[in-house]
Structures are given as structure tokens and as C-alpha cells.
Amino acid sequence: MTTEFTREQVAAHSQPGDAFIIIDNVVYDVTAFLDDHPGGAEVLMDNAGRDASDCFHDIGHSQDARDWMLQFRAGEVAAAERREVRVRSAAWAEPGEGDSLRGLLAAWAPPLALSALAALLYLYLFG
Ligand code: HEM
């Protein structure tokens, strides 16, 4: 079962030895992570006990960062106090496999069509 925290309860965890942060309605216990954060302990402590969703997204954290944060998950913000989760910006989203395949097809379609046409013409004239 997931533990639920009110925003007031999260605010009580704002010390270096006991630091919680909210990102997208999920509560993270970042106490053990402070010294390991590539962005430094200070930004995390500035946001300890608070909702740091905007800051987190503004940085444009990598997929690695998002995988990493899973291990600090302590619970969720109580249902009545959840906020709308910001939609990912296009710049932040990583290209999916489907996108690159589509891009590849789009790039190759015109030359492939031309060579098929040339082959047909050759067969028609000299075949
Ligand atoms: C548990 C939550 C978090 C994790 C796991 C995490 C992880 C990381 C990682 C792995 C990086 C290196 C760059 C990257 O891979 O994206 C990074 C950089 C950074 N993070 Fe976080 N971060 C977290 C929360 C936050 C929050 C809440 C803030 C802001 C309030 C923040 C601010 C920064 C900054 C300023 C950088 C440096 C960016 C740069 O040097 O260009 N991080 N973080």
C-alpha cells in the first residue's frame, strides 16, 4: 500500500538529516541522496519539505535521473491535495523508437520511389 502524506506533513521534513521533496505528486525522501545529487545538495535543501516539480522539470532532468529517483520514493501526496502534473515539453521528451523509425521511412521514401520509377522506365524502354 502506498503511504499518503499531506503537504503539511511533508513540510515537517525539511532538515538535512530528514529531507522530503514532492515531484509530480510523489513524495521522495532525498536524505541519503543529498550528497550524491549531481546538481548539488543546496538546490535540494532549498526545496526540502516543498513541491519542487517546476524546478525539477525546468532543469530538464534526463531519463537516468527519472529512473534514479524511483528508489527514493516514500509515498504520494494525499488525493485531495494533488496538483495537475505538467505536461512534458517537446524539448524534454526523448525521441521514441517509433518516431525514429517514422523519420527513417520519411527520409528514405522519396529516393526509393524515384529508383523504383527509374527501374520501371528502364524495363519499359529496354526490357
Ligand atoms: C530525487 C530527485 C532528483 C534526482 C534523482 C535528480 C537527479 C539528477 C541528475 C542525475 C542530474 C544530472 C543531470 C541529469 O542526468 O539530468 C541532476 C542535475 C541537476 N538537478 Fe537534479 N535530481 C533530483 C531533484 C532535483 C530537484 C528537485 C532540483 C531543483 C529544485 C534539481 C536540480 C538540479 C540541477 C540544478 C542540476 C544541474 C543541472 C546542470 O548542471 O545542468 N534536481 N539531477
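This is a predicted model: local features need pLDDT of at least 70, side-chain atom pairs count only at pLDDT 80 or more; totals for chains, interfaces and linings use all residues.

Author: Let us begin with the aromatic rings. Rings of Phe, Tyr and Trp (for Trp, its six-membered ring) pair if their centres lie within 6.5 Å; planes under 30 degrees apart count as stacked, over 60 as edge-to-face and the rest as tilted. A search of the whole structure finds four aromatic pairs.

Reader: What is the arrangement of the rings of Phe 5 and Phe 20?

Author: Their planes stand at 85° with the ring centres 5.6 Å apart, so Phe 5 and Phe 20 form an edge-to-face pair. Phe 5 belongs to strand β1 and Phe 20 to strand β3 (residues 18–23), so the pair ties together parts that are 15 residues apart in sequence. Helices (H or I, at least four residues) and strands (E, at least two) are DSSP runs, numbered from the N terminus.

Reader: Are Phe 5 and Phe 20 buried or exposed?

Author: Buried means under 20% relative accessible area, exposed over 50%, and partly exposed in between (1.4 Å probe, protein chains only). Both Phe 5 and Phe 20 are buried. A further aromatic pair, Tyr 122 with Phe 126, is tilted, at 5.2 Å centre to centre and 50° between the planes. Both of these residues, Tyr 122 and Phe 126, are exposed, and they lie four residues apart in helix α5, about one turn of the helix. Elsewhere, ring pairs link Phe 33, Trp 68 and Phe 72 into a cluster.

Reader: How many helices and strands does the chain have, and what pattern does the chain follow?

Author: There are five helices and five strands, and along the sequence they follow the pattern β-α-β-β-β-α-α-α-β-α. Of the 127 residues in the chain, 27% are buried.

Reader: How should I read a metal site, and which residues are the protein donors of the iron atom of the ligand?

Author: Donors are N, O and S atoms within 2.8 Å of the metal (3.2 Å for Na, K and Ca); water is not among the atoms, so sites may look incomplete. The iron atom of the ligand has His 37 (NE2) and His 61 (NE2) as its protein donors, lying 2.0 Å from it. The pair links distant parts of the chain, 24 residues apart: His 37 is in the loop between β4 (26–29) and α2 (41–46), and His 61 in the loop between α3 and α4 (63–69). His 37 is buried at 14% relative accessibility, and His 61 is buried at 16%.

Reader: What arrangement do the six donor atoms around the iron atom of the ligand make?

Author: Four donors count as tetrahedral if all angles lie between 85 and 135 degrees; four count as square planar and six as octahedral if opposite donors are over 155 degrees apart and all others between 65 and 115; anything else is irregular. Ideal angles are 109.5 degrees for four tetrahedral donors, and 90 or 180 degrees for six octahedral ones. Here the six donor atoms subtend angles of 86 to 179° at the iron atom, which makes the arrangement octahedral.

Reader: What is a salt bridge, and how many salt bridges does the count come to?

Author: A salt bridge is a side-chain nitrogen of Lys or Arg within 4 Å of a carboxyl oxygen of Asp or Glu. By this rule the count comes to seven. One of them joins the side chains of Arg 82 and Glu 4, at 3.2 Å from N to O.

Reader: With which residue does Asp 54 form a salt bridge?

Author: The partner of Asp 54 is Arg 86, and the closest N and O atoms are 3.3 Å apart. This pair also links distant parts of the chain, 32 residues apart, with Asp 54 in helix α3 (residues 53–59) and Arg 86 in the loop between β5 and α5.

Conventions. Residues are numbered from 1 along each chain as its sequence is written. Side-chain values use heavy atoms; hydrogens and water are left out.
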